[in-house]
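Reader: Hi! I'm new to this one. Could you walk me through it?
Author: Happy to, just ask as you go.

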Amino acid sequence: RRVLFRSEEFTMKKLIKYFDNNDLIEKVSAHCDIPCKIYDPIVAQIGVLTMIRVIDLIDELNTGNDASLTEKAQFSRLVAQKEEHGLKVKEDIRVIWGDYFKTPQFEKFPEIHELTHTIMLNCSKAKQNINKEACVNLLEKVNRFAEIFWLSKDINVFKQKCPYPPQLELVY
């Protein structure tokens with residue numbers, strides 16, 4: 001056998017071809033970004049709850065002209081957290097919609113496309129402003145998404161207030 005690694009013409013492509021031609025790599029495939037059956041919209045739901053809680057905390061701050069540097073810094077941190085959780089909401093919904101939902105679920109729940117798009121738009125609106133009503137509206141949409149998700153798996157759902165602030169209703 002020829003030594004592959006001494007050659008100046010060594011490339012990753014040649015190495016892969018070598019392993020492939022000699023059956024040294026087992027071929028595998030996957031249809032999801034993450035292992036099946038571990039998708040859960042609760043991450044998006046908690047993300048929206050966090051956005052709402054952050055707005056409540058902002059409302060408690062002194063944000064007037066006489067605000068201290070500490071209060072101004074806290075305001076900046078809270079706004080950054082709201083933005084970060086808004087991005088997480090969008091990502092979690094987008095991944096579940098794109099990877100989990102397939103033709104059978106689309107046929108059973110045809111509203112899921114429009115609902116997902118609405119969540120994306122509402123999340124952008126909630127991120128652009130410090131508006132609790134926009135976030136509560138987003139939570140309603142994400143809860144509906146969660147409801148459809150669980151119903152598509154033939155799992156019964158129920159609604160209950162979460163046990164921590166802002167103590168709003170979630171679909172479980």
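Reader: Which residues in H3 are buried?
Author: In this predicted model, the buried residues of H3 are Leu78, Lys82, His85, Gly86, Val89, Lys90, Ile93, Ile96, Asp99 and Tyr100.

Reader: And what do the buried residues of H3 pack against?
Author: They pack against H2, H4, H5 and H6.

Reader: How many residues does H3 have, and how far does it reach?
Author: H3 has 32 residues and reaches 46 Å from its first C-alpha to its last. That is close to the 46 Å expected at 1.5 Å a residue.

Reader: Okay, new topic: aromatics. How many aromatic pairs are there in the whole structure?
Author: A search of the whole structure turns up seven. Take Tyr39 and Tyr100: their ring centres are 6.3 Å apart and their planes are at 55°, so this pair is tilted.

Reader: Where do Tyr39 and Tyr100 sit in the chain?
Author: Tyr39 is in the loop between helix H1 (12-21) and H2, while Tyr100 is in helix H3. They are 61 residues apart, and the pair links distant parts of the chain.

Reader: Are those two buried or exposed?
Author: Both Tyr39 and Tyr100 are buried. Another aromatic pair is Phe101 with Phe145, which is edge-to-face, with 5.7 Å centre to centre and 70° between the planes.

Reader: Which parts does the pair of Phe101 and Phe145 tie together?
Author: Phe101 lies in the loop between H3 and helix H4 (103-108) and Phe145 lies in helix H6, so the pair ties together parts that are 44 residues apart in sequence.

Reader: Why does Phe101 count as buried?
Author: Because its relative accessibility is 2%, and buried means under 20%. Phe145 is buried too, with a relative accessible area of 0%.

Reader: Which residues do ring pairs link into a cluster?
Author: The cluster holds Tyr39, Tyr100, Phe101, Phe106, Phe145, Phe149 and Trp150.

Reader: Switching to the largest nonpolar core: which residues touch the most other members?
Author: Of its 30 residues, those are Val89, Ile93, Phe101, Leu138, Val142 and Phe145. H2, H3, H5 and H6 are the elements that give two or more residues to this core. The largest share, nine residues, comes from H6.

Reader: What does Leu138 touch?
Author: Leaving aside residues up to four places away in sequence, Leu138 touches Val48, Met51, Ile119, Asn122, Cys123 and Ala126. Val48 and Met51 are among the buried residues of H2.

Reader: Last one: what covers the buried residues of H2?
Author: The cover includes helix H3 (69-100), helix H5 (112-128), helix H6 (132-152) and strand S2 (169-171).

Notes. Residues numbered from 1 in each chain as written. Predicted model: local features only at pLDDT ≥ 70, side-chain atom pairs only at ≥ 80, totals over all residues. Heavy atoms only, no water. Buried < 20%, exposed > 50% of the residue type's maximum accessible area, 1.4 Å probe, protein only. Helix = DSSP H or I, 4+ residues; strand = E, 2+ residues; numbered from the N terminus. Contact = heavy atoms within 4.5 Å. Phe/Tyr/Trp six-rings, centres within 6.5 Å; stacked < 30°, edge-to-face > 60°. Expected span 1.5 Å × (residues − 1). Core = buried A, V, L, I, M, F, W, Y, C linked by side-chain atoms within 4.5 Å.
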